[in-house]
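Thanks for coming. I will take a few minutes to walk through one structure, and you can follow along on the screen.

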Amino acid sequence: MLTKEFKTPSDEGLKKVKRLTEVFVMEPEPQVGQTPKEVVWTKNKAKLYRYQPAVKKTNKVPILMIYALINKPYILDLYPGNSLIEHLTNKGHDVYLLDWGVPGYEDRHMKFDDYIVDYIPQAIKKVLRKSQAKEITLLGYCIGGTMSAIFTALNPQLPIRNLLLLTSPIDFTDAGLFTKWLDKRYFQLDKLVDTLGNIPFEMIDFGNKLLSPISTTYGPYVSIVDRVEDDNFVLNWKLMQKWLNDGVPFPGEAYRQWIREFYQENKLIKDELVIRGEKVKLSNIKANLLNISATRDNIALPNQVAPLNDKVSSENKTYHSVETGHISVVVGRKAIKEIHPYIENWITENSY
Amino acid sequence: MGQNTTLDPFKIWKEVYEKTESTWRGTIENSLGTEQFAQGLGQVQNQYVQYQELVKTLTESYLKQANIPSIEELAKVASMIVNVDTKIDNLDDFIYEQQETTSLEIAQLKQDITNVEQKLDQLIEILKNKD
């Protein structure tokens with residue numbers, strides 16, 4: 001008590017420096033992806049995980065999560081109590097995740113066609129067999145959602161009961177600053193892919209950070225210095241920094257296709273996209289659809305997400321907008337309190 | 001009094017950040033959205049790619065002379081492994097489907113044999129009765 005009375009601001013400052021040193025130098029990184037899982041199937045670098053296999057599954061329709069080709073999928077299972085996968089499995093859902101893994105130089109020729117035609121159908125087959133189920137729920141996040149929508153459109157005969165998309169861009173008419181930066185006249189797409197093979201994570205990350213350079217470069221450090229004595233804040237900060245800096249390279253040909261056919265030519269929404277010789281018609285989607293966008297998302301803008309609902313033939317379709325950013329749609333306080341339960345309820349309601 | 005005037009560098013840093021961010025945000029956003037910026041970005045990319053290409057060519061020729069495999073050659077071996085992996089996966093799938101079909105056929109055969117046995121029993125019974 002006595003020491004508290006005589007405490008000076010410089011003492012506080014020293015305490016802060018000590019704590020910051022602990023946070024940055026001494027303490028280990030937090031453990032991520034802690035929900036128990038088993039590997040059900042592997043192909044090349046991809047792995048299909050089944051979560052909490054020992055927990056009783058009360059929902060008959062298994063969920064297959066399709067992740068994006070950038071960053072790592074543990075954002076969906078970030079930390080106990082802050083995990084969409086944990087939330088769903090605790091509620092009795094049979095959750096699977098298709099993790100694309102880290103592409104090597106030998107994977108630089110991989111295209112969306114390969115992932116959509118050679119990997120996703122196999123993963124679905126394995127999920128249906130393992131769960132002994134007749135139907136499936138596809139849940140795609142970011143580019144994974146775009147891929148899930150394309151896959152569902154190409155395979156209306158498959159038993160995809162529900163399609164749930166999280167911040168997945170479909171219409172690239174106005175992709176904000178990306179539309180300007182990726183202008184065909186200036187962006188050196190072919191040279192980049194031909195020279196580098198795969199596009200390094202740092203380059204993708206640079207592009208994302210450039211959307212808001214000061215707040216993404218200095219903002220996190222200002223906030224950690226400001227709130228370093230709040231243990232819960234420090235834990236969440238470390239989790240996010242770990243994930244944000246733990247990216248994977250974008251397979252070269254898939255990147256070429258993503259920038260040219262999606263950002264520059266906007267083929268998907270115009271029904272002009274061709275995947276392994278077959279035209280993708282979004283109107284072929286008949287599954288129940290939940291399409292979620294985030295108002296503060298500057299990577300997949302709401303106006304890029306929303307138009308899907310007008311294109312599909314689904315009788316049961318919902319567009320849901322949440323007041324979050326691209327990542328806080330799956331992690332963080334709002335996601336835990338509102339979005340995870342909302343997703344869980346929608347899946348449960350549409351699985352009987 | 002003395003306590004209040006003590007310098008807090010963290011507080012100053014935070015204030016500088018907040019003021020810079022709020023003052024420059026609009027200006028930065030505006031310049032990021034200009035065609036000149038996109039053009040400049042393209043030029044930087046061009047130079048970066050040219051540099052990378054030069055480094056790649058030099059490294060590859062050095063590795064070739066030193067008789068050390070390049071990433072290109074290692075990737076060829078990796079691709080072969082990936083192909084084998086794909087073939088094993090296809091085989092695994094084929095075996096599973098065959099097993100499923102075989103199990104169904106065996107179950108059908110068992111049923112047929114049981115039916116034949118029942119018919120034979122009935123036949124034996126009829127023959128016995130005739131005797």
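This is a predicted model: local features need pLDDT of at least 70, side-chain atom pairs count only at pLDDT 80 or more; totals for chains, interfaces and linings use all residues.

Let me start with a pair of helices in chain A. Helix α4(A) covers residues 112-131 and helix α5(A) covers residues 143-154. How far apart are their axes, and at what angle do the two helices pack? The axes are 10 Å apart, and the angle is about 75 degrees. An angle of 65 to 115 degrees counts as roughly perpendicular, and α4(A) and α5(A) are therefore roughly perpendicular to each other. On the α4(A) side, the contact is made by Phe112(A), Tyr115(A), Ile116(A), Ile120(A), Pro121(A) and Ile124(A). On the α5(A) side, it is made by Ile143(A), Met147(A), Ile150(A), Phe151(A) and Leu154(A). By class, this contact has 11 nonpolar residues, no polar ones and no charged ones.

Next is α12(A), which runs over residues 252-264. How many of its 13 residues are buried? The count is 11, and the helix is mostly covered. Among the buried ones are Tyr255(A), Arg256(A), Trp258(A), Glu261(A) and Phe262(A). As for what they pack against, the buried residues of α12(A) meet α4, α5, α6, α7, α8 and β7 of chain A. Just after this helix comes Asn266(A), with a positive phi of about 50 degrees.

One of those partners, α7(A), spans residues 189-196. In α7(A), Leu189(A), Leu192(A), Val193(A), Thr195(A) and Leu196(A) are buried. What covers them? The cover includes α8 and α12 of chain A, and also α2 of chain B. After α7(A) comes Gly197(A), again with a positive phi, near 80 degrees.

Now to the empty space. Rolling a probe the size of a water molecule over the atoms shows where empty space is left. I will take the second largest pocket first, which holds about 560 Å³ of space. Its lining has 28 residues, and those nearest the centre are Phe178(A), Met203(A), Ile204(A), Gly207(A) and Tyr255(A). Which elements supply at least two residues of this lining each? They are α6, α8 and α12 of chain A, together with α2 of chain B. The largest share is from α8(A), with seven residues. By class, the lining has 24 nonpolar residues, three polar and one charged. Note that Tyr255(A) has turned up already, as a buried residue of α12(A).

On to the cavities. There are two cavities of 30 Å³ or more.

From chain A, it is lined by Leu211(A), Ser212(A), Pro213(A), Ile214(A) and Ser215(A). From chain B, the lining residues are Glu21(B), Arg25(B), Ile28(B) and Glu29(B). The largest share, four residues, is from α1(B), and α9(A) is among the elements that supply at least two. This lining divides into four nonpolar, two polar and three charged residues.

Last, two residues in loops of chain A. Where does Ala300(A) lie? It lies in the loop between β9 and α13 of chain A. Is Ala300(A) buried or exposed? Its relative accessible area is 0%, so Ala300(A) is buried. Setting aside neighbours within four places in sequence, Ala300(A) is in contact with Thr167(A), Pro169(A), Val305(A) and His326(A). Phe172(A) is 128 residues away from Ala300(A) in sequence, but the C-alpha atoms of the two are 9.3 Å apart in space.

The other is Asn71(A), in the loop between β3 and α3 of chain A. Buried means under 20% relative accessible area, and Asn71(A) has 14%, so Asn71(A) counts as buried. Beyond its neighbours within four places in sequence, the contacts of Asn71(A) are Phe201(A), Trp243(A), Leu244(A), Gly247(A) and Val248(A).

That is the end of the tour.

Terms used:
Residues are numbered from 1 along each chain as its sequence is written. Chains are lettered from A and ligands numbered from 1 in the order in which they are written. Side-chain values use heavy atoms; hydrogens and water are left out. On a 1 Å grid over the protein atoms alone, a cavity is a set of points where a 1.4 Å probe fits but cannot get out, and a pocket is an open set with protein on both sides within 12 Å along at least five of seven lines; lining residues have an atom within 4 Å of a point. Grid points are joined across faces, edges and corners, and a volume is the space filled by probe spheres set on the points. Ala, Val, Leu, Ile, Met, Phe, Trp, Tyr, Cys and Pro count as nonpolar, Asp, Glu, Lys and Arg as charged, and the others, Gly among them, as polar. Axes are lines fitted to C-alpha atoms, for helices over the stretch in contact, and angles run from 0 to 180 degrees between N-to-C directions. Angles under 35 degrees count as roughly parallel, over 145 as roughly antiparallel, 65 to 115 as roughly perpendicular and the rest as oblique. Contact means heavy atoms within 4.5 Å. Buried means under 20% relative accessible area, exposed over 50%, partly exposed in between (1.4 Å probe, protein chains only).
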